[in-house]
Amino acid sequence: MRCLVTGAAGFIGSNLCEQLLDLGHEVVGLDAFIPYYPREIKQNNLIALKTRSNFTFHELDLREDNLADATNNVSVVFHLAAMAGLVLSWKNFNLYSSCNLLATQRLLDSLRNSESLKKFIYVSTSSVYGKFSSGNESMPTQPSSPYGVTKLASENLCHAFREEFNLPLSVLRYFSVYGPRQRPDMGYNIFIKAMLNGETITVYGDGQQSRGNTYVSDCVNATIAAINSPDGETYNIGGGEIASVWEIIERLEKITGCKAKVKQEQARAGDQRSTGADISKAIRDFGWQPQVSLEEGLTRQVAWQKSLLVRKAA
Ligand SMILES: NC(=O)c1ccc[n+]([C@@H]2O[C@H](COP(=O)([O-])OP(=O)(O)OC[C@H]3O[C@@H](n4cnc5c(N)ncnc54)[C@H](O)[C@@H]3O)[C@@H](O)[C@H]2O)c1
(Lines give C-alpha, C1' and ligand atoms only; values in the text may rest on other atoms or scores of the structure.)
Protein backbone atom coordinates (compact mmCIF):
# COMPACT_ATOMS: atom_id res chain seq x y z
CA MET A 1 0.00 0.00 0.00
CA ARG A 2 1.05 3.58 -0.58
CA CYS A 3 0.82 5.27 2.83
CA LEU A 4 1.10 8.95 3.70
CA VAL A 5 2.42 9.73 7.19
CA THR A 6 2.12 13.36 8.29
CA GLY A 7 4.47 14.38 11.10
CA ALA A 8 6.93 11.83 9.70
CA ALA A 9 9.98 13.55 11.22
CA GLY A 10 8.48 13.50 14.71
CA PHE A 11 8.80 11.02 17.55
CA ILE A 12 5.94 8.65 16.74
CA GLY A 13 5.68 9.44 13.01
CA SER A 14 9.29 8.41 12.29
CA ASN A 15 8.84 5.14 14.21
CA LEU A 16 5.60 4.50 12.29
CA CYS A 17 7.29 5.09 8.91
CA GLU A 18 10.01 2.56 9.77
CA GLN A 19 7.52 -0.13 10.75
CA LEU A 20 5.41 0.45 7.61
CA LEU A 21 8.53 0.07 5.44
CA ASP A 22 9.52 -3.09 7.32
CA LEU A 23 6.09 -4.49 6.48
CA GLY A 24 6.72 -3.82 2.78
CA HIS A 25 4.58 -0.72 2.25
CA GLU A 26 5.52 2.34 0.21
CA VAL A 27 5.72 5.38 2.49
CA VAL A 28 5.36 9.07 1.71
CA GLY A 29 6.50 11.15 4.69
CA LEU A 30 5.51 14.77 5.21
CA ASP A 31 6.70 17.25 7.85
CA ALA A 32 7.24 21.00 8.22
CA PHE A 33 9.91 20.82 10.97
CA ILE A 34 7.94 23.17 13.22
CA PRO A 35 10.69 24.45 15.57
CA TYR A 36 8.87 23.58 18.78
CA TYR A 37 11.91 21.42 19.44
CA PRO A 38 15.13 21.54 17.41
CA ARG A 39 15.00 20.73 13.71
CA GLU A 40 18.24 18.77 14.13
CA ILE A 41 16.47 16.18 16.31
CA LYS A 42 13.78 15.71 13.66
CA GLN A 43 16.37 15.46 10.89
CA ASN A 44 18.14 12.74 12.88
CA ASN A 45 14.82 10.87 13.13
CA LEU A 46 14.78 10.75 9.32
CA ILE A 47 18.36 9.62 8.69
CA ALA A 48 17.67 5.86 8.50
CA LEU A 49 14.39 6.43 6.64
CA LYS A 50 16.04 8.40 3.88
CA THR A 51 18.21 5.40 2.99
CA ARG A 52 15.14 3.23 2.29
CA SER A 53 14.12 2.85 -1.36
CA ASN A 54 10.36 2.86 -0.70
CA PHE A 55 10.45 6.12 1.25
CA THR A 56 9.95 9.61 -0.15
CA PHE A 57 9.88 12.77 1.93
CA HIS A 58 8.10 16.08 1.36
CA GLU A 59 9.00 19.10 3.45
CA LEU A 60 5.57 20.74 3.43
CA ASP A 61 3.49 22.80 5.83
CA LEU A 62 -0.06 21.45 5.91
CA ARG A 63 -1.33 24.93 6.72
CA GLU A 64 -0.28 26.57 3.49
CA ASP A 65 1.52 24.37 0.98
CA ASN A 66 0.07 22.55 -2.01
CA LEU A 67 -0.61 18.98 -0.91
CA ALA A 68 -1.50 17.47 -4.30
CA ASP A 69 1.79 15.60 -4.87
CA ALA A 70 1.98 14.21 -1.34
CA THR A 71 -1.61 12.97 -1.30
CA ASN A 72 -1.62 11.65 -4.87
CA ASN A 73 -2.69 8.01 -5.14
CA VAL A 74 -2.35 7.21 -1.43
CA SER A 75 -4.36 4.29 0.03
CA VAL A 76 -3.88 5.06 3.72
CA VAL A 77 -3.23 8.36 5.47
CA PHE A 78 -1.89 8.43 9.02
CA HIS A 79 -2.35 12.01 10.22
CA LEU A 80 0.05 12.55 13.11
CA ALA A 81 1.30 16.07 12.33
CA ALA A 82 0.32 18.39 15.15
CA MET A 83 1.60 20.70 17.81
CA ALA A 84 1.75 18.31 20.76
CA GLY A 85 2.21 19.03 24.47
CA LEU A 86 -0.07 21.08 26.62
CA VAL A 87 2.20 23.57 28.41
CA LEU A 88 3.09 25.67 25.37
CA SER A 89 -0.52 25.59 24.18
CA TRP A 90 -1.42 28.21 26.81
CA LYS A 91 1.25 30.55 25.43
CA ASN A 92 0.99 30.06 21.68
CA PHE A 93 -2.61 29.30 20.87
CA ASN A 94 -2.30 30.38 17.27
CA LEU A 95 0.36 27.78 16.56
CA TYR A 96 -1.77 25.03 18.13
CA SER A 97 -4.99 26.06 16.47
CA SER A 98 -3.38 26.37 13.04
CA CYS A 99 -1.18 23.22 13.16
CA ASN A 100 -3.91 21.09 14.70
CA LEU A 101 -7.16 22.36 13.18
CA LEU A 102 -6.40 24.34 10.01
CA ALA A 103 -3.75 21.80 8.98
CA THR A 104 -6.25 18.95 9.43
CA GLN A 105 -8.90 20.81 7.43
CA ARG A 106 -6.51 21.36 4.50
CA LEU A 107 -5.42 17.72 4.51
CA LEU A 108 -9.00 16.44 4.63
CA ASP A 109 -10.00 18.84 1.89
CA SER A 110 -7.19 17.64 -0.37
CA LEU A 111 -8.43 14.05 0.04
CA ARG A 112 -12.16 14.48 -0.20
CA ASN A 113 -12.38 13.45 -3.86
CA SER A 114 -9.65 10.82 -3.64
CA GLU A 115 -10.48 7.59 -5.44
CA SER A 116 -7.52 5.70 -4.00
CA LEU A 117 -8.09 6.41 -0.29
CA LYS A 118 -9.10 3.33 1.73
CA LYS A 119 -8.46 4.65 5.24
CA PHE A 120 -7.69 7.92 7.01
CA ILE A 121 -6.43 7.50 10.58
CA TYR A 122 -6.63 10.66 12.67
CA VAL A 123 -4.30 10.54 15.66
CA SER A 124 -5.78 12.23 18.69
CA THR A 125 -5.00 12.16 22.39
CA SER A 126 -6.27 11.26 25.86
CA SER A 127 -6.10 15.04 26.48
CA VAL A 128 -9.54 15.34 24.85
CA TYR A 129 -10.97 13.74 28.02
CA GLY A 130 -9.42 16.32 30.34
CA LYS A 131 -8.04 16.01 33.87
CA PHE A 132 -9.43 12.53 34.56
CA SER A 133 -8.90 10.28 31.58
CA SER A 134 -9.24 6.75 32.90
CA GLY A 135 -11.78 4.55 31.22
CA ASN A 136 -13.20 3.71 27.82
CA GLU A 137 -14.21 5.83 24.84
CA SER A 138 -17.57 6.76 26.38
CA MET A 139 -15.91 9.08 28.92
CA PRO A 140 -17.05 12.69 28.49
CA THR A 141 -14.72 14.90 26.45
CA GLN A 142 -13.81 17.88 28.64
CA PRO A 143 -10.31 18.98 27.58
CA SER A 144 -8.47 21.03 30.20
CA SER A 145 -5.91 22.64 27.86
CA PRO A 146 -5.94 24.51 24.54
CA TYR A 147 -4.00 21.53 23.12
CA GLY A 148 -6.85 19.14 24.04
CA VAL A 149 -9.43 21.58 22.71
CA THR A 150 -7.76 21.84 19.30
CA LYS A 151 -7.33 18.07 19.03
CA LEU A 152 -10.99 17.51 19.90
CA ALA A 153 -12.06 20.13 17.36
CA SER A 154 -10.02 18.27 14.73
CA GLU A 155 -11.65 14.97 15.66
CA ASN A 156 -15.05 16.59 15.14
CA LEU A 157 -13.96 18.06 11.82
CA CYS A 158 -12.82 14.60 10.72
CA HIS A 159 -16.25 13.19 11.52
CA ALA A 160 -17.95 16.01 9.59
CA PHE A 161 -15.84 15.16 6.52
CA ARG A 162 -16.63 11.47 6.95
CA GLU A 163 -20.35 12.10 7.11
CA GLU A 164 -20.51 14.61 4.27
CA PHE A 165 -17.94 13.14 1.87
CA ASN A 166 -17.83 9.46 2.91
CA LEU A 167 -14.20 9.64 3.98
CA PRO A 168 -13.24 6.22 5.39
CA LEU A 169 -11.94 7.41 8.73
CA SER A 170 -11.12 6.27 12.28
CA VAL A 171 -9.78 8.18 15.29
CA LEU A 172 -7.12 6.92 17.70
CA ARG A 173 -6.61 8.53 21.09
CA TYR A 174 -3.04 7.85 22.23
CA PHE A 175 -2.18 7.75 25.94
CA SER A 176 1.30 9.03 27.04
CA VAL A 177 3.69 7.50 24.54
CA TYR A 178 7.34 6.90 25.52
CA GLY A 179 10.43 5.14 24.18
CA PRO A 180 13.36 5.97 21.87
CA ARG A 181 13.01 9.40 20.13
CA GLN A 182 10.55 10.65 22.72
CA ARG A 183 10.15 14.43 22.35
CA PRO A 184 12.64 16.41 24.47
CA ASP A 185 9.81 18.30 26.20
CA MET A 186 8.23 15.12 27.56
CA GLY A 187 8.56 14.10 31.20
CA TYR A 188 10.46 10.81 30.94
CA ASN A 189 12.97 12.27 28.48
CA ILE A 190 13.58 15.19 30.87
CA PHE A 191 13.84 12.90 33.94
CA ILE A 192 16.30 10.49 32.31
CA LYS A 193 18.48 13.27 30.92
CA ALA A 194 18.61 15.01 34.30
CA MET A 195 19.45 11.80 36.17
CA LEU A 196 22.25 10.86 33.75
CA ASN A 197 23.70 14.39 34.02
CA GLY A 198 23.26 14.73 37.82
CA GLU A 199 20.79 17.61 37.36
CA THR A 200 17.65 18.42 39.34
CA ILE A 201 14.23 17.15 38.27
CA THR A 202 11.16 19.31 38.78
CA VAL A 203 8.02 17.47 39.85
CA TYR A 204 4.87 19.53 39.36
CA GLY A 205 2.11 19.18 41.95
CA ASP A 206 2.14 16.31 44.45
CA GLY A 207 3.66 13.77 42.03
CA GLN A 208 0.71 11.44 42.51
CA GLN A 209 -0.57 12.16 39.00
CA SER A 210 -0.56 8.93 37.02
CA ARG A 211 -0.19 7.96 33.37
CA GLY A 212 -1.29 4.99 31.28
CA ASN A 213 2.07 4.56 29.58
CA THR A 214 2.27 3.32 25.99
CA TYR A 215 5.54 2.08 24.51
CA VAL A 216 6.13 3.53 21.06
CA SER A 217 6.26 0.22 19.14
CA ASP A 218 2.94 -0.80 20.72
CA CYS A 219 1.46 2.53 19.68
CA VAL A 220 2.79 2.09 16.12
CA ASN A 221 1.42 -1.47 15.88
CA ALA A 222 -2.01 -0.28 17.06
CA THR A 223 -1.97 2.49 14.47
CA ILE A 224 -1.25 0.06 11.64
CA ALA A 225 -3.76 -2.52 12.93
CA ALA A 226 -6.42 0.21 12.98
CA ILE A 227 -6.44 0.19 9.17
CA ASN A 228 -8.87 -2.70 9.69
CA SER A 229 -11.14 -0.82 12.08
CA PRO A 230 -14.71 0.00 11.07
CA ASP A 231 -15.15 3.55 9.72
CA GLY A 232 -16.33 6.31 12.03
CA GLU A 233 -15.05 4.71 15.23
CA THR A 234 -12.81 6.12 17.98
CA TYR A 235 -10.32 4.03 19.97
CA ASN A 236 -8.24 4.47 23.11
CA ILE A 237 -4.66 3.31 22.59
CA GLY A 238 -2.78 2.77 25.83
CA GLY A 239 -0.19 0.41 27.25
CA GLY A 240 -1.98 -0.71 30.37
CA GLU A 241 0.70 -0.19 33.04
CA ILE A 242 -0.26 2.86 35.01
CA ALA A 243 2.34 4.59 37.18
CA SER A 244 2.57 7.81 39.19
CA VAL A 245 5.43 10.28 38.75
CA TRP A 246 7.09 9.00 41.95
CA GLU A 247 6.85 5.39 40.75
CA ILE A 248 8.47 6.34 37.44
CA ILE A 249 11.31 8.17 39.18
CA GLU A 250 11.91 5.15 41.43
CA ARG A 251 12.02 2.80 38.44
CA LEU A 252 14.37 5.15 36.56
CA GLU A 253 16.69 5.35 39.56
CA LYS A 254 17.04 1.55 39.48
CA ILE A 255 17.52 1.40 35.69
CA THR A 256 20.02 4.27 35.45
CA GLY A 257 21.74 3.54 38.77
CA CYS A 258 21.55 7.31 39.51
CA LYS A 259 19.81 8.90 42.48
CA ALA A 260 17.31 11.56 41.40
CA LYS A 261 17.62 15.10 42.81
CA VAL A 262 14.06 16.40 42.97
CA LYS A 263 12.44 19.78 43.60
CA GLN A 264 8.70 20.35 43.62
CA GLU A 265 6.71 23.16 42.06
CA GLN A 266 3.03 23.99 41.74
CA ALA A 267 0.95 21.88 39.37
CA ARG A 268 0.80 23.31 35.84
CA ALA A 269 -2.39 24.63 34.31
CA GLY A 270 -4.32 21.95 32.45
CA ASP A 271 -2.18 19.01 33.65
CA GLN A 272 -4.02 15.72 33.63
CA ARG A 273 -4.47 14.05 37.02
CA SER A 274 -4.84 10.49 35.85
CA THR A 275 -4.87 8.73 32.51
CA GLY A 276 -5.46 5.07 31.82
CA ALA A 277 -6.88 3.59 28.66
CA ASP A 278 -9.52 0.91 28.64
CA ILE A 279 -8.56 -0.73 25.33
CA SER A 280 -11.31 -3.38 25.16
CA LYS A 281 -12.71 -1.80 22.00
CA ALA A 282 -9.37 -1.92 20.12
CA ILE A 283 -8.88 -5.54 21.19
CA ARG A 284 -12.37 -6.41 19.96
CA ASP A 285 -12.32 -4.51 16.66
CA PHE A 286 -8.78 -4.99 15.37
CA GLY A 287 -7.14 -7.45 17.73
CA TRP A 288 -4.39 -5.18 19.02
CA GLN A 289 -2.79 -5.60 22.44
CA PRO A 290 0.33 -3.96 23.91
CA GLN A 291 3.40 -6.21 24.22
CA VAL A 292 6.15 -4.16 25.90
CA SER A 293 6.20 -3.92 29.70
CA LEU A 294 6.90 -0.61 31.41
CA GLU A 295 10.18 -1.97 32.81
CA GLU A 296 11.39 -3.08 29.38
CA GLY A 297 10.20 0.10 27.66
CA LEU A 298 11.90 2.41 30.18
CA THR A 299 15.09 0.33 29.95
CA ARG A 300 15.10 0.80 26.17
CA GLN A 301 14.49 4.56 26.47
CA VAL A 302 17.35 4.90 29.00
CA ALA A 303 19.67 2.95 26.64
CA TRP A 304 18.72 5.27 23.77
CA GLN A 305 19.33 8.42 25.83
CA LYS A 306 22.68 7.07 27.06
CA SER A 307 23.71 6.45 23.45
CA LEU A 308 22.87 10.08 22.61
CA LEU A 309 25.08 11.32 25.45
CA VAL A 310 27.96 9.10 24.28
CA ARG A 311 27.57 10.41 20.72
CA LYS A 312 27.53 14.01 21.98
CA ALA A 313 30.67 13.50 24.05
CA ALA A 314 32.60 11.87 21.14
N1 LIG B 1 3.72 11.68 22.32
C2 LIG B 1 2.62 11.39 23.01
O3 LIG B 1 2.67 10.91 24.15
C4 LIG B 1 1.27 11.62 22.39
C5 LIG B 1 0.13 11.35 23.18
C6 LIG B 1 -1.11 11.57 22.62
C7 LIG B 1 -1.24 11.98 21.31
N8 LIG B 1 -0.12 12.25 20.57
C9 LIG B 1 -0.30 12.70 19.20
O10 LIG B 1 0.57 11.96 18.37
C11 LIG B 1 1.00 12.77 17.27
C12 LIG B 1 2.53 12.75 17.15
O13 LIG B 1 3.07 13.24 18.38
P14 LIG B 1 4.64 13.24 18.66
O15 LIG B 1 4.82 13.09 20.12
O16 LIG B 1 5.32 12.32 17.72
O17 LIG B 1 4.98 14.75 18.29
P18 LIG B 1 6.16 15.40 17.40
O19 LIG B 1 6.13 16.85 17.70
O20 LIG B 1 7.44 14.66 17.64
O21 LIG B 1 5.68 15.12 15.91
C22 LIG B 1 4.73 15.91 15.26
C23 LIG B 1 5.33 16.39 13.94
O24 LIG B 1 4.33 17.14 13.24
C25 LIG B 1 4.98 18.16 12.52
N26 LIG B 1 4.02 19.22 12.21
C27 LIG B 1 3.35 20.02 13.08
N28 LIG B 1 2.60 20.91 12.42
C29 LIG B 1 2.78 20.67 11.09
C30 LIG B 1 2.28 21.29 9.92
N31 LIG B 1 1.50 22.36 9.97
N32 LIG B 1 2.63 20.77 8.72
C33 LIG B 1 3.46 19.69 8.65
N34 LIG B 1 4.02 19.10 9.73
C35 LIG B 1 3.67 19.59 10.95
C36 LIG B 1 6.08 18.64 13.46
O37 LIG B 1 7.14 19.31 12.77
C38 LIG B 1 6.53 17.33 14.12
O39 LIG B 1 7.68 16.79 13.50
C40 LIG B 1 0.40 14.16 17.49
O41 LIG B 1 -0.77 14.26 16.71
C42 LIG B 1 0.05 14.16 18.97
O43 LIG B 1 -1.04 15.02 19.24
C44 LIG B 1 1.13 12.09 21.08
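Helix α6 passes helix α8 in a right-handed crossing, where right-handed means that the near helix is turned clockwise from the far one by less than a right angle. The model is a predicted one, in which local features need pLDDT of at least 70, side-chain atom pairs count only at pLDDT 80 or more, and totals for chains, interfaces and linings use all residues. Residues are numbered from 1 along each chain as its sequence is written.

**The helix pair**
- The axes of α6 (residues 187-197) and α8 (residues 245-256) come within 11 Å and cross at roughly 45 degrees, the axes being lines fitted to C-alpha atoms over the stretch in contact, with angles from 0 to 180 degrees between N-to-C directions.
- Residues Y188, F191, I192, M195 and L196 of α6 meet I248, I249, L252 and T256 of α8, where contact means C-beta atoms, placed from the backbone, within 7 Å.

**The sheet**
- An open sheet of 7 strands runs in the order β3-β2-β1-β4-β5-β7-β11 with parallel pairing, and pairing requires at least two DSSP bridges between two strands.
- Its edge strands, β3 (55-59) and β11 (234-237), each pair on one side only.
- Neighbouring strands are turned by 20 degrees against each other on average, direction ignored.
- Helix α5 (residues 146-165) packs on this sheet and touches β5 and β7 (169-174), with its direction making about 160 degrees with that of β5.

Technical notes:
Helix = DSSP H or I, 4+ residues; strand = E, 2+ residues; numbered from the N terminus. Contact = placed C-beta atoms within 7 Å.
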